[in-house]
Amino acid sequence: MKNKNALSLLLTANIISGFAQGISMLAIPWYFTTMIDKASLFGTIYAATTFVSLFWNLYAGTLIDRYQRKSIFIYVSAVCGSILLGVAGYGYYYGIVPIGLVALVFVTTMFNYNIHFGALYAFGQELTEPKHYGRISSYLEIQNQTTSIFSGAFSVLLLSGITKGQSVNIAGIHLIIPFNFQKWEMHNIFLLDGITYGIAILLVSFIRYQPASARIIDTSKIIERLKTGLTFLKKNPAIFSFGNYSFSIFVILLVQVFMLMPLYVSQHLHQGSDVYASAEVLYSAGAMMAGVFIRRIFQNRDTVFSIIVLLIITTIIFYMVAFNNNVGLFYIFSFLVGVTNAGARVLRTTYLFNHISNDIIGRTNSVFNVINILLRSLFLMLFSIAWFHQGSNITWTYAICGTFTLISALLLARNYKRL
C-alpha cells in the first residue's frame, strides 16, 4: 500500500486525540444529566449546536477540498487545543469549571468533529489507491472504535473514582479494584484532552506523502465550490439517495449516545456511570469487530442489500430495549448497534470512495452531513420535550429511533433495482 508511513502517523494522531475526546464527550452528557440534573438544558445546547453546525458543515466541506488536509488537521487541532487548555486553566485557577465553559468544550468538540472526520476520510482516500479503499475504510473504523473502547473503560475510573475493594461493573463483568483512584474533576479531563491535541499536531507535522492520484483543487469562490458538490449529487440521484438512507443508523446513534443513553441508564435502568461507560465499551467492541469482519461477512452480497440487512437488525434491537429494563439486554443492544453502525459506515464509505472523486469528496460529504444534522435536529427537538425525561418515558424515544431505521430500510428496498 502506498503512503503506508503517512497513514500510520495519521491513524496514530487520530487515536491519541480521539482517546481524550472520547472521555470528554462521555463526561459532559453525564455531567449535565446526573451531576447537575440539567438534562433538558443539555438537550437544548446539543440541539442548538447541531443547528448551527448546518452552516459550518457546508463551509467545512469547501475547506477540505480547497486546502491541504494535513494543514487542516494542524490548524483545527491548534484552535481546539487552545480552547480546551484555556478552560482547564480556568478550572485549576478557580477550582471549578462553570456550566458555560463545559458547554463551550462540548460545542468546540462538536464543531471539530464536523471538519475532523470529513478531512480524515478525504485524507485517507487521497493517500490510498482505489484497490485498497475497502481496507482503509476498515482501518479507519477499527482505530476509531479501538480508541472508544479504551476511552470508555477509562472514563469509568474518571467519572466516579474508585475505592480499594470496590466492585466495578465493566461491560457486565464485576471486577474488584485493588487500589484507590480519586474521581477527576472536569478541568482535569479537559487538560488531558487539550494536551492530546498538541501531541496530534506534532505527529501530523511529520507526515510526508505522495497523493495516490492527481487531485485538481478548485480555487473558485466559496459559493461556486458549494454548487459543484450539489451539482454532482443532482446529476447522480442514486448516489444521493444511497448516501442519505445508508446514513440513518449514524443519525440516531449520535442522538442516542449523547442525549438518550444517560437518561435511559439513570432513569429507566436505575444504574450508574459504570453501566453508562460499559455500554460505550461494548458498542466500540462491536464496531471494531464490524471493521474487521463486515466485508468478509457480506463479500458475496452487494452493498445496498448488506446495508438493508444492517438497518433491519438495528430496528429490531431498538424495539427490544424500548420495552425492556434488563441491563444484560442493554449490553447486547450496545454491542449490536456498534456492529450495525460501523458495518454500514465501512460499506458506505467504500462505496462513496469508489463513486466520488477525491476532488469533491469533502463537498459531497458535507451535503450528506447537513441532511444528517437536519434530521438529528428534529429528533433532538422532539426528545427535548420534558415528557420524555419523566420516569421511564425515555424508552419511547428508542421505539421512535427504531421506526426511523425501519423506514430507511424500506426506502432502500423500494429503490433497490435502481440503486
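Arg414 sits in helix α14 (helices here are DSSP runs of H or I with at least four residues, numbered from the N terminus). With a relative accessibility of 64%, Arg414 counts as exposed (exposed is over 50% relative accessible area, buried is under 20%, partly exposed is in between, with a 1.4 Å probe and protein chains only). Its C-alpha atom is 42 Å from that of Lys38, which is 376 residues away along the chain.

Keep in mind that this is a predicted model, where local features need pLDDT of at least 70, side-chain atom pairs count only at pLDDT 80 or more, and totals for chains, interfaces and linings use all residues. Residues are numbered from 1 along each chain as its sequence is written, and side-chain values use heavy atoms, with hydrogens and water left out.

**Salt bridges**
- The count comes to four salt bridges (a side-chain nitrogen of Lys or Arg within 4 Å of a carboxyl oxygen of Asp or Glu).
- Arg363 pairs with Asp65, with the closest N and O atoms 2.8 Å apart. Arg363 lies in helix α13 and Asp65 in helix α2 (residues 39–66), so this pair ties together parts that are 298 residues apart in sequence. Both Arg363 and Asp65 are buried.
- Glu126 pairs with Arg69 at 2.9 Å between the closest N and O atoms, linking helix α4 (residues 99–127) to helix α3 (residues 69–94). Glu126 and Arg69 are buried as well.
- Asp65, Arg69, Glu126 and Arg363 are linked in a network of salt bridges.
- Lys227 and Glu224 also form a salt bridge, with 3.9 Å between the closest N and O atoms. Both lie in helix α7 (residues 222–235), three residues apart, or about one turn of the helix. Lys227 is partly exposed at 44% relative accessibility, and Glu224 is partly exposed at 38%.

**Nonpolar core**
- The largest nonpolar core has 122 residues, and Phe330 and Tyr398 are among those with the most contacts inside it (such a core is a set of buried Ala, Val, Leu, Ile, Met, Phe, Trp, Tyr and Cys residues joined through side-chain atoms within 4.5 Å).
- Helix α9 (residues 248–268) gives the largest share of this core, 15 residues.
- Leaving out residues up to four places away in sequence, Phe330 touches several residues, including Met261, Leu269 and Tyr398 (contact means heavy atoms within 4.5 Å).

**Cysteines**
- The structure holds zero disulfides (a disulfide is a pair of cysteine sulfur atoms within 2.5 Å).
- Cys80 is buried at 5% relative accessible area, and Cys401 is buried at 0%.

How values were computed: Helices (H or I, at least four residues) and strands (E, at least two) are DSSP runs, numbered from the N terminus.
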